[in-house]
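Notebook open. Today I look up the ligand site and the space around it.

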Amino acid sequence: MAENDGQHLLGLLLQDEQALLERWLRDAAVHLQGRASSAELERAFRDLLTALAKGVSGGGLDLDHEAYGEVRALLSELSRDRARRGFTPSETAVSVFSLKGALFDLAARAGQGTDAILVASRWVDALGLLTFDSYVRAREEVIAEQSEQLMELSTPVVKLWEGVVAVPLIGTLDSARTQIVMEKLLQTLVDTGSEHAIIDITGVPAVDTEVAQHLLKTVVAARLMGAECTISGIRPQIAQTIVALGIEFGDIPTKANLADALLHALRGSGVEVVRRRSGGGR
Amino acid sequence: MSQQVPVLRLGNALLVSIQVDLQDDDVLALQEELAERIVATGARGVIIDISAVDIVDSFIGRMFSSIAALSRVLDAETVVVGMRPAVAITLVELGLSLDGVRTALDLEKGRAILDRLIADRRTVRDIAQDDDEFVPIDDPAGERHQPDPSRR
Amino acid sequence: MSTSATGVDELPISSGDDVVRVRQLVRTRAQGIRLSLVDQTKLVTAASELARNTLVHGGSGTARIEVVQRAGRSGIRAVFSDEGPGIPDLDLALTAGWTSGGGLGLGLSGAKRLVDEFDIDTEVGRGTSVTVVKWSR
Ligand SMILES: Nc1ncnc2c1ncn2[C@@H]1O[C@H](COP(=O)(O)OP(=O)(O)OP(=O)(O)O)[C@@H](O)[C@H]1O
Ligand SMILES: [Mg+2]
């Protein structure tokens, strides 16, 4: 039975491809109101039709079948593109649903009964849902990318001196943000050839175990790479957390503030800072 | 024998630059070859450049520690240079601490570390090469007045 | 190597070169689903440890690598199976630093920390199968 349904559907898809494509394009264009060029739509739909025919002939009506791999890939490409360009989910899914009218027409003309129409309808519905899903996924990816970019922007790694870089952290640290910042810090060590890094957490009100662990791991990783990492500006509350959690800060250099940390790093690289005895006006 | 990894001479040190994904036997072969070359050349240091290496697992990590220990026995020093951040982060998670291995960000800094270490452990052979100065071998005060060899 | 249309790769593990091939394949798959560089490195390192265990402790075996999906996220699943002696005391084997001989005893415990999901199925005399998954963020 299901095999039969697939055969009917395949028949419809292959019967008059050009007519099907034209009708589909016309219906879809109504909903898009010129937001996608017709050449672009035509290319996308033509590819989809070819892939759909392949899917139906290999996998029948089962969209999860491997024969539908290309269809899924094309739909997620379409969705990603639409999500980036700011199309709504319904504007995206309607392009697929528009295939229904064209298929019904063909079915009616070919003298197929309500059964065939129902099958086609259910099949297009499933395709539409698939599009919806991949749109949502694409949309989430876009948002995740944007928030990652934002995170990068909000935590600059700055060069304080030749061979000394610092990252001043401000605000609440969650595990994800800490990880991104730490990776960036380590990469900066490589890019600038700096042997000293300072993580300044003066602007961080509190840390949880996980974040404290990430900080620690970063210090150890920096050491493995051949650089030294100092943590400065640990607030009393954070110090208490660290002690209460029993986290070993061991031999990791900590300094009260960024200035002391810089001084420590400079000494480490052989630079001595002294106050001038005379002159200088003060 | 390890044809996979060339061992080059760099002044009084050996330079090993790992460029390909090594299988365990190659790693062991390299370790053996290095021991032989240290003795044969009288090298005072080994620099292992891993800037092209995209993963270090416990096996390669152990090789670094072994080479470091082994070269120390042969009176040489080992520095691993160029570890990538992703590799370092992974090693920390894996729990491998590379005990006894010195590291540096790049080849140049590794060379500088080696020079400093070698200067601290000068041998009669090194001193014989300095024709114009006398340096006491026995120096209980630990106060040596020698030029920094890296500046020569 | 055999690849079915559903994207499952199966590689034999019976030599040191095979371990290298497993690493390379896992890397390619991880890049394919755009795992971050750090996550790629963690997964490949875990795979390297587990493939070596299959070879060294299990005698020989296979690695199955595939892309998996869940709740809109992609991941890589790698399964390392052998028909070797099995692991008599799993808790002990998973203790960092414990080795039945020769190693550092970091392979299993370390691999577990490097991935998101970790599962061992083992039976003395029948073999061992370790499954790991790393999800894209
Ligand atoms: N596939 C396996 N079959 C049988 N035993 C295993 C298998 N994998 C691990 N084991 C047992 O678990 C122990 C711990 O494994 P693990 O990988 O942590 O350490 P190792 O292989 O001994 O050393 P390392 O991996 O650090 O070089 C092994 O020593 C071995 O006894
Ligand atoms: Mg192991």
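I started with who surrounds ligand 1. Residues from chains B and C do, so the site is shared between chains. I keep in mind that this is a predicted model.

Next I listed the shell. It holds 20 residues, and Asn53(C), His57(C), Thr99(C), Ser100(C) and Gly105(C) come nearest to ligand 1. By class I read six nonpolar, 11 polar and three charged residues in this shell. H2 of chain B, H2 of chain C and H4 of chain C each supply at least two residues to the shell.

Then I went through polar contacts. I found a polar side-chain atom of His57(C) 2.8 Å from an oxygen atom of ligand 1. The side chain of Asp82(C) places an N or O atom 2.9 Å from a nitrogen atom of the ligand. At Gly107(C) a polar backbone atom is 3.2 Å from a ligand oxygen atom.

Which pocket does ligand 1 take up? I get the second largest pocket. I note its volume as about 770 Å³. Of its 40 lining residues, Arg52(C), Asn53(C), Val56(C), His57(C) and Ser100(C) are the closest to the centre.

Last, I sorted the lining. It has 16 nonpolar, 17 polar and seven charged residues. H2(C) gives the most, with seven residues. Among the elements that each supply at least two lining residues I see helix H1 (24–41) and helix H2 (58–73) of chain B, and strand E4 (73–82) and strand E6 (127–135) of chain C.

Terms used. Residues are numbered from 1 along each chain as its sequence is written. Chains are lettered from A and ligands numbered from 1 in the order in which they are written. This is a predicted model: local features need pLDDT of at least 70, side-chain atom pairs count only at pLDDT 80 or more; totals for chains, interfaces and linings use all residues. Side-chain values use heavy atoms; hydrogens and water are left out. On a 1 Å grid over the protein atoms alone, a cavity is a set of points where a 1.4 Å probe fits but cannot get out, and a pocket is an open set with protein on both sides within 12 Å along at least five of seven lines; lining residues have an atom within 4 Å of a point. Grid points are joined across faces, edges and corners, and a volume is the space filled by probe spheres set on the points. Helices (H or I, at least four residues) and strands (E, at least two) are DSSP runs, numbered from the N terminus. Ala, Val, Leu, Ile, Met, Phe, Trp, Tyr, Cys and Pro count as nonpolar, Asp, Glu, Lys and Arg as charged, and the others, Gly among them, as polar. A residue is near a molecule or strand if one of its heavy atoms lies within 4 Å of it. A polar contact is a pair of N or O atoms within 3.5 Å; within protein, one must be able to donate a hydrogen and the other to accept it, and residues adjacent in sequence count only if both atoms are side-chain atoms. A molecule sits in a cavity or pocket if more than half of its atoms lie within 2 Å of its grid points.
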